[in-house]
Amino acid sequence: EIDRSRLLIEKSVISVLTFSQQSKTSIIDLHYISSVSRDLERMVDSVIMVDRDENLFLKKILKIIEDISNLLENPENLNYSSVIELDKSIVGIKSPEIANIKAYGKRRIKRNLISISEVLFDWALTKLIDKKGNQNE
């Protein structure tokens, strides 16, 4: 399901770029959405490696995913302050020593979440620069 969603997002981005279609979402926003979806897919692929008894870890991940979802559903709340708060939550996840495949999966999950927060930070700064540029015109 996630693979199909990511594929549809990629097709939408390519379609808008190729056919110059009008869209409610700007091209740069589509680019960032595409980047986030790619990292989310990678993260979810690693979640299947985590034991079900890792409740605390999974709850932290779920909370972070909910925060990401809220930022994506309400782009007006996407700013560098909200992304910094998200990043603090991600950094708060303990990175396990890689002793087995399950620990490696947890490390990959954290790495993908960090990548998502970097994309969201870039997106927030892009929005801020666009806003400042529009005010100066």
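Modeller: Let us begin with burial, for which one cut-off is needed: a residue is called buried when its relative accessible area is under 20%, exposed when it is over 50%, and partly exposed in between. Please keep in mind throughout that this is a predicted model.

Colleague: Is Ser117 buried or exposed, and which helix does Ser117 lie in?

Modeller: Ser117 belongs to helix α5, which spans residues 101-136, and because its relative accessibility is 4%, Ser117 counts as buried. Not counting residues up to four places away in sequence, Ser117 touches Val83, Leu86, Asp87 and Ile90.

Colleague: Which residues of the largest nonpolar core touch the most other members?

Modeller: That core has 21 residues, and Leu113 and Leu120 are the ones that touch the most other members. At least two residues of this core are supplied by each of α2 (27-47), α3 (55-73), α4 (80-91) and α5, with the largest share, 7 residues, coming from α5.

Colleague: What is Leu120 in contact with, leaving aside its neighbours within four places in sequence?

Modeller: With those neighbours set aside, Leu120 is in contact with Val36, Ile68, Leu71, Leu72, Leu78, Val83 and Leu86.

Note on methods
Residues numbered from 1 in each chain as written. Predicted model: local features only at pLDDT ≥ 70, side-chain atom pairs only at ≥ 80, totals over all residues. Heavy atoms only, no water. Helix = DSSP H or I, 4+ residues; strand = E, 2+ residues; numbered from the N terminus. Buried < 20%, exposed > 50% of the residue type's maximum accessible area, 1.4 Å probe, protein only. Contact = heavy atoms within 4.5 Å. Core = buried A, V, L, I, M, F, W, Y, C linked by side-chain atoms within 4.5 Å.
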